[in-house]
Amino acid sequence: MIAKYDSIGIDYSKLRKPDPRIATFIENALGPAETVLNVGAGTGSYEPDNREIIAIEPSQEMISQRHPAAARAIQGYADDLPFEDNSFDASMAILTVHHWPDKGKGLQEMRRVTRGKIVLLTFDPSHRGSWLTDYLPELVKLDEKQMPKMSDYENWLGKVDIVPVPVPHDCTDGFLYAYWRRPAAYLDARVRSGSSSFWAIKNADQGLKKLSEDLKTGEWERRYSNLLKLDACDVGYRLVVATC
């Protein structure tokens with residue numbers, strides 16, 4: 001099966017560099033776990049370097065972009081993990097669950113192979129805190145379509161703790177809403193290529209044209225000047241942590 005990121009993951013490792021402040025949230029959530037499975041691991045972002053990591057990733061393109069010193073990666077899928085029950089102290093999945101064909105089965109598989117915590121970084125589709133959707137309202141429909149609701153995680157995993165993850169204004173990880181204080185970045189096609197959402201929506205040109213005009217006239221700054229005073233902002237990203 002050809003994985004989505006075999007075609008859209010070009011230059012992903014350069015555009016999606018892990019942000020150390022977000023990494024701290026993930027590290028703290030993993031607690032004392034010594035063995036960690038990273039599901040939908042991509043190029044290895046946010047894999048702790050002080051633990052024993054095994055990564056599983058469907059895209060050979062993404063695996064090929066992993067650093068030579070990164071953890072061993074197996075090509076495979078979340079809904080059919082090739083491990084025995086209770087094989088890992090903890091498991092993690094970072095901005096990936098929304099891509100899984102069977103999200104519930106994938107998370108149940110993570111629960112099966114994990115003795116302790118399951119740590120997920122995801123996006124809350126009910127959040128309406130990003131100005132980008134004012135220009136590209138189709139992103140709201142896409143998020144609602146592909147992103148699990150926060151209540152879904154409890155249905156799949158049992159009791160979960162959900163914590164907002166503020167995004168720094170100079171975030172090094174170029175996920176969709178990372179550029180909340182750097183609007184001109186969205187006018188760069190290379191930057192947009194680092195987000196799967198821009199590959200999914202079909203009619204971004206009109207909204208991007210309007211954004212370009214508003215940046216030139218100062219209208220964007222007038223409307224969103226409050227953001228320019230912030231060092232970090234809650235734009236909808238959430239850490240979901242399930243215990244055993």
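Predicted model: local features only at pLDDT ≥ 70, side-chain atom pairs only at ≥ 80, totals over all residues.
Residues are numbered from 1 along each chain as its sequence is written, and side-chain values use heavy atoms, with hydrogens and water left out.

Let me start with the whole chain. The protein chain has 12 helices and nine strands, where helices (H or I, at least four residues) and strands (E, at least two) are DSSP runs numbered from the N terminus. For 244 residues a compact globule would have a radius of gyration near 18 Å, and the protein chain, with 18 Å, agrees with that; the radius is taken over C-alpha atoms, and the globule rule is 2.2 Å times the number of residues to the power 0.38. The C-alpha trace spans about 60 × 35 × 30 Å along its principal axes.

Of the 244 residues, 54% count as buried, a word that here means under 20% relative accessible area, with exposed meaning over 50% and partly exposed in between (1.4 Å probe, protein chains only). The accessible surface of the chain comes to about 11,700 Å², and 50% of that belongs to carbon and sulfur atoms; these areas come from the Shrake-Rupley method with a 1.4 Å probe, and for residues only the protein chains shown count as cover. If we take contacts, meaning heavy atoms within 4.5 Å, between residues at least 6 apart in sequence, then 71% of them join residues at least 24 apart.

Which residues touch the most other members of the largest nonpolar core? In this core of 47 residues, they are Ile26, Trp131, Leu132, Leu136 and Tyr237, and a nonpolar core is a set of buried Ala, Val, Leu, Ile, Met, Phe, Trp, Tyr and Cys residues joined through side-chain atoms within 4.5 Å. Among the elements that give two or more residues to this core are α3 (20-30), β4 (90-94), β5 (118-123), α11 (205-217) and β9 (237-242), and the largest share, four residues, comes from α3. Leucine 136, leaving aside its neighbours within four places in sequence, is in contact with Phe198, Ile201, Ala204, Gly207 and Leu208. There is also a second, separate core of 22 residues, which includes Val39, Val97, Leu107 and Leu157.

Strand β9 brings us to leucine 239, which is found in that strand and counts as buried because its relative accessibility is 4%. Leucine 239 and isoleucine 22 are 217 residues apart in sequence, yet 9.8 Å apart in space, C-alpha to C-alpha. Beyond its neighbours within four places, leucine 239 is in contact with residues including Phe25, Ile26, Ala29, Val119, Leu121 and Val163.

Turning to helix α7, its buried residues are Glu138, Leu139, Val140, Leu142, Asp143 and Gln146, and these pack against α5 (103-113), β5, α6 and α10 (196-200).

The remaining residues lie in loops. Aspartate 124 is found in the loop between β5 and α6, and at 11% relative accessibility aspartate 124 counts as buried. Its contacts, apart from neighbours within four places in sequence, are Met150, Gly236 and Arg238, while its C-alpha atom is separated by 8.9 Å from that of glutamate 144, 20 residues apart along the chain.

Most residues other than glycine have a negative phi. Tyrosine 46, in the loop between β1 (35-39) and β2 (52-57), has a positive phi of about 70° although it is not a glycine, and leucine 95, in the loop between β4 and α5, has a positive phi of about 50°. Buried or exposed, where does tyrosine 46 fall? Tyrosine 46 counts as buried at 7% relative accessibility, and leucine 95 is buried with a relative accessible area of 13%.

I will finish with alanine 185, which lies in the loop between β7 (167-168) and α9 (189-192) and counts as buried at 15% relative accessibility. Not counting residues up to four places away in sequence, alanine 185 touches Tyr179 and Val191, and its C-alpha atom is separated by 39 Å from that of aspartate 89, 96 residues apart along the chain.
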